[in-house]
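Student: I have a structure open and would like to go through it with you. Could we take it one question at a time?

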Amino acid sequence: MKPRLLLAPLALLGAPLVAQDAPPAPRVIEGTLASGAKWKALIPAQFNGSLLLWSHGYSPRIDPAEPAPAQYRDLLLAKGYALVASDYGAGGWSLEQAVPAQRATVEAFAALEGRPARVLAWGSSMGGLISTALAEQDRPVIDGALAMCPSIGGAVGMMNMGLDGAFATATLIAPNSGLSLVNVADDMANGRKAMAAIDAARQTREGRARIALAGVLGGIPGWTRPERPEPAADDVEAQVDEIAATLVMGTFMPRNDQESRAGGAFSWNIGVDYARQLDRSGRRPFVEAMYRKAGLSLTRDLAALARAPRISAKPSAVRYMLDNYTPTARPRVPLVSLQAVGDGLTSPSLQRAYADAAPRVMMQPLWHKGAGHCRLPAEQVLAAIAHLEQRLASGKWPQRPAQFIDHTPPPMLRPCLRQQGPSGPRCR
């Protein structure tokens, strides 16, 4: 509700107008789940019947149960949405704890306030994957989901793709640096070592060519920085600078916590043909252009990758990460994904892999013409929620909102979905 302005009497015309009738503060309810996880909800005075279940992204610690990010909270409350979230009861890659905690949070809210007309899960990055997992449950407690800048390709495929970019970096750019690719003892120290190697490589033509190859194999787009304009399609040098800015964060992703949970390494590149992967990416001309400028042989570097010792995974660790969490691409409720085309941390290729495999009637991707990880404008988030609600009301997807663009990112080079076949999950 917009504030009403009280007109001053004539004697006070020189005084400023005073805002009155500000929206009342939302009602706060909170509690503790049987698991020990804490939850909190905000309920506006004019509740519209839709409860938004927020799932936050990766954090090494247990963050407070904040029902929505600050940049969206007041706008959503003003539109009548009730907001709720839990702290998962665990930090890190806590899918094992987060999914049941979020489900229990909906039940706890309903026990105190009654079942809302609609429950919509929404979350960013790892939280987008949690929202996806809730949408794929056999008996979902939600009616729809919005996955933002999501790790929607799943734990195994996403980290395998990151491994490929890191493998190319360690083999071709920093062969004697002692970089760890799996069984990482200190993620931060390993990342600093990788960043130093990338910074040095950016200064040479040979290094820049190899950054291009590592970035393509790791699924890093050619635009990643929100403060920079999108490079032209033929500006290969600017695209390399964009890749270099996020190559480490996008490929040397935190592994220590995940490997501790899984009981060992869960990523592998046994049997991966990197020459074929480069062809499948559709970005070979970009890499070839950089190699020509450097006077390097791409064939020779691909052969070096083929000869390099490979990495194997522990089967039980892979099984854990398949369960926590690798999607089926079979949502039981309508699912919208929303991502910037220039996300260098969670590759847009992950979203394409899910959309290509999911039934179109149940899943729709939306693309924001921007760069950066999880830097989505409030206008876009509100439009995506409204789009999802229209789908729930009508039973079919409405026309794509004007705020979003048509976009098809490169394919995910190491897809892995938990769709069972004769030999188990489909993982490359």
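**Disulfides, a helix pair and some backbone details**

Tutor: Happy to! Let us begin with one cysteine: Cys-149 is buried, as its relative accessible area is 1%. Keep in mind that this is a predicted model.

Student: Which cysteine forms a disulfide with Cys-149, and how far apart in sequence are the parts that the pair ties together?

Tutor: The partner is Cys-374, with the two sulfur atoms 2.0 Å apart. Cys-149 sits in the loop between β8 (144–148) and α4 (155–173), while Cys-374 sits in the loop between β10 (363–371) and α14 (378–394), so the parts tied together are separated in sequence by 225 residues.

Student: Is the link of Cys-149 and Cys-374 right-handed or left-handed?

Tutor: Look at the torsion about the S-S bond, which is 105° for Cys-149 and Cys-374. With that value, the link is right-handed.

Student: Is Cys-374 buried, partly exposed or exposed?

Tutor: Its relative accessible area is 24%. Buried needs a value under 20% and exposed one over 50%, so Cys-374 is partly exposed.

Student: Which strands hold Cys-416 and Cys-427?

Tutor: These two cysteines form a disulfide as well, with their sulfur atoms 1.8 Å apart. The pair ties together parts that are 11 residues apart in sequence, because Cys-416 belongs to strand β11 (residues 416–421) and Cys-427 to strand β12 (residues 424–427). Cys-416 is buried at 2% relative accessible area, whereas Cys-427 counts as partly exposed at 30%. The strands you asked for are β11 and β12.

Student: What pattern do the disulfides of the protein follow?

Tutor: The structure holds 2 disulfides. Counting bonded cysteines along the chain, the pattern is 1-2, 3-4.

Student: How many nonpolar residues does the contact of α6 with α7 have?

Tutor: From α6, the residues involved include Arg-205, Arg-208 and Ile-211, and those they meet in α7 include Glu-237, Val-240 and Asp-241. By class, the contact of α6 with α7 has 4 charged residues, 1 polar residue and, to answer you, nonpolar residues numbering 7.

Student: What is the relative accessible area of Val-287?

Tutor: Val-287 lies in helix α10 (residues 284–294). Leaving out residues up to four places away in sequence, Val-287 touches Ala-212, Leu-213, Val-216, Leu-278 and Leu-298. Val-287 is buried, and its relative accessible area is 0%.

Student: Ser-125 and Asn-183 both have a positive phi although neither is a glycine. Is Asn-183 buried or exposed?

Tutor: Ser-125, with phi of about 55°, is found in the loop between β7 (118–124) and α3 (126–136), and is buried at 13% relative accessible area. Asn-183, with phi of about 50°, is found in the loop between α4 and α5 (187–201). At 53% relative accessibility, Asn-183 counts as exposed.

Technical notes. Residues are numbered from 1 along each chain as its sequence is written. This is a predicted model: local features need pLDDT of at least 70, side-chain atom pairs count only at pLDDT 80 or more; totals for chains, interfaces and linings use all residues. Side-chain values use heavy atoms; hydrogens and water are left out. Helices (H or I, at least four residues) and strands (E, at least two) are DSSP runs, numbered from the N terminus. Buried means under 20% relative accessible area, exposed over 50%, partly exposed in between (1.4 Å probe, protein chains only). Contact means heavy atoms within 4.5 Å. Ala, Val, Leu, Ile, Met, Phe, Trp, Tyr, Cys and Pro count as nonpolar, Asp, Glu, Lys and Arg as charged, and the others, Gly among them, as polar. A disulfide is a pair of cysteine sulfur atoms within 2.5 Å.
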